[in-house]
Amino acid sequence: MARTSLDKNRIGFLLLENVHESAVAELAAAGYDQVTCLPEALPEDELIARLADARFLGIRSRTRVTRRVIEASPRLVAVGCFCIGTDQVDLAAASDHGVAVFNAPFSNTRSVAELVVAEAILLLRGVPARNVGCHRGAWLKSARDAHESRGKTLGIVGYGAIGSQVSVLAEALGMHVVYHDIEPKLPLGNALALSNLDAVLATSDVVTLHVPDTPETRGLIGAAELARMRPGAVLLNASRGTVVDLDALADALRGGHLAGAAVDVFPAEPRSPGDEFTSPLRGLDNALLTPHIGGSTVEAQANIGGEVARKLVMYSDNGTTTASVNFPEVALPGHPGAHRLLHVHRNVPGILSRINGVFSAGGINVSAQYLQTRDRLGYVVVDCDAASSEAALQELRDIEGTLRCRVLF
């Protein structure tokens, strides 16, 4: 009988940064019990050493999966980002080596949105500075610079999953909502789309940022943009640490142009809880700083743990890549009596013809086949006669342009 993929008890998972136990439960329910869980991110060399015995890696936001890590880890099959973003993974390197990457783009949207709205209320009331005053023995009891959220304008930069959730919650408080996104987005409720970033900055009492880390968004909010904001406005950033020039923001807060700011993400963040956090915003009473906890609620982490673990299980079990951030999306039902071959290759002309040539020349019956491409990658799932899968596997691996090939069931 032809060889199939590894037994599940030989497939190792490495989960870092306190990934929620719901992930471990999901893996166990699917028959995977070789799971190593560590509470912290690992430096590059240690991560490479750990991946020598693991085929799946689970991380959150602090671990950096660089090209060097991927190239030094030939057994690595997939990376699960137990968070929204994937900028901590070199996606080009992952694609070059046939490593699928998954994330949880929606599971913690409510948690982030609630934190943002709460921060807006606290800053409009001047609570952070008054809180610090009480701790120092001062009694800053005054209505000066303390405002209700009702009737104020909230400007949202990036109207995606989180931005639109913030929009709904803010309207429930009686706020007017305007937004800008580089792509047309259907407004929820009474939210109003504005044509550019400057329009949002100039008209909003509160500006909240919900954009990804891209070359276009890095340094999106600098001294010039802060100067365009309304005097006494507040700025919230729970998106990416590279989006705001923190030195310029510190100057705007010290000079009194902005009434306050809340920042949950930073350009450089401590790798572990024992490392010191540094920022030009430290010591400013009107700066509300949190340690990247926007999605860190029990509910969100439980949802994320289960969601990403299920995606890893489905990819390991049957090759399903639905919702992968870098792979073509493929989902194919199983066929009794057949073995499934997964072929990841460079997206160049002629690969499918050569793949089909292997089965034709060998007289191997194919019961199902599916090809999908995405950018530089092609992904073929083939169900064929079980007795012939081993021979086909060896020949498929020899096709020029092949990045990874394995057999399932």
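Helix α11 is followed by Gly319, whose phi is positive, near 85°; helices here are DSSP runs of H or I with at least four residues, strands are runs of E with at least two, and both are numbered from the N terminus. The structure is a predicted model, in which local features need pLDDT of at least 70 and side-chain atom pairs count only at pLDDT 80 or more, while totals for chains, interfaces and linings use all residues. Residues are numbered from 1 along each chain as its sequence is written, and side-chain values use heavy atoms, with hydrogens and water left out.

**Overall picture**

- The secondary structure of the protein comes to 13 helices and 16 strands, and the C-alpha trace spans about 85 × 45 × 30 Å along its principal axes.
- Of the 409 residues, 49% count as buried, where buried means under 20% relative accessible area, exposed over 50% and partly exposed in between, with a 1.4 Å probe and protein chains only.
- Among contacts (heavy atoms within 4.5 Å) with a separation of 6 or more, 66% are accounted for by residues 24 or more positions apart.

**Helix α11 and the largest core**

- The 21 residues of α11 should span 30 Å at 1.5 Å a residue, and its end C-alpha atoms are 30 Å apart, which agrees; the expected span is 1.5 Å times one less than the number of residues.
- The largest nonpolar core has 32 residues, and those with the most contacts inside it are Phe56, Ala78, Phe82, Leu312 and Tyr315; such a core is a set of buried Ala, Val, Leu, Ile, Met, Phe, Trp, Tyr and Cys residues joined through side-chain atoms within 4.5 Å.
- Elements giving two or more residues to this core include α1 (21-29), β13 (338-346) and β16 (402-408), and α11 gives the most, with six residues.
- Val308, found in α11 (residues 298-318), is buried with a relative accessible area of 0%, and its contacts beyond neighbours within four places in sequence are Gly80, Cys81, Phe82, Asn103 and Ala104.
- The C-alpha atoms of Val308 and Val79 are separated by 9.6 Å, although these residues are 229 apart along the chain.
- The axes of α1 and α11 come within 7 Å and cross at roughly 30°, where axes are lines fitted to C-alpha atoms, for helices over the stretch in contact, and angles run from 0 to 180 degrees between N-to-C directions.
- In this meeting of helices, Ser22, Ala23, Glu26 and Leu27 of α1 touch residues of α11 including Gln301, Gly305 and Ala309.

- Seven strands form an open sheet in the order β8-β7-β6-β9-β10-β11-β12, with parallel pairing; two strands pair if DSSP finds at least two bridges between them.
- At the edges stand β8 (192-193) and β12 (287-289), each with a single partner strand, so one side of each is left without a neighbour in the sheet.
- Strands β9 and β10 (residues 233-237) pair in the parallel sense over four bridges, and Thr208 stands opposite Leu236 in β10.
- Helix α10 (residues 246-254) packs on the sheet by touching β10, β11 (258-263) and β12, and its direction makes about 145° with that of β11.
- Helix α7 (residues 161-172) has buried residues, among them Ile162, Val166 and Leu169, and its buried residues pack against α5 (109-124), β6 (153-157), β7 (176-180) and β9 (206-209).
- Just after α7, Gly174 takes a positive phi of about 90°.

- An open sheet of four strands has the order β14-β15-β13-β16, with antiparallel pairing, and its edge strands, β14 (366-374) and β16, each pair on one side only.
- Six bridges join the antiparallel strands β13 and β16, and the bridge partner of Arg340 in β16 is Leu408.
- Helix α12 packs on this sheet, touching β13, β14 and β15, with its direction at about 150° to that of β13, whereas α13 lies across β13, β15 and β16 and runs at about 170° to β16.
- Helices α12 (residues 351-361) and α13 (residues 389-397) pack at an angle of about 145° with their axes 10 Å apart, and the contact is made by Ile355, Val358 and Phe359 of α12 and Ala392, Glu395 and Leu396 of α13.
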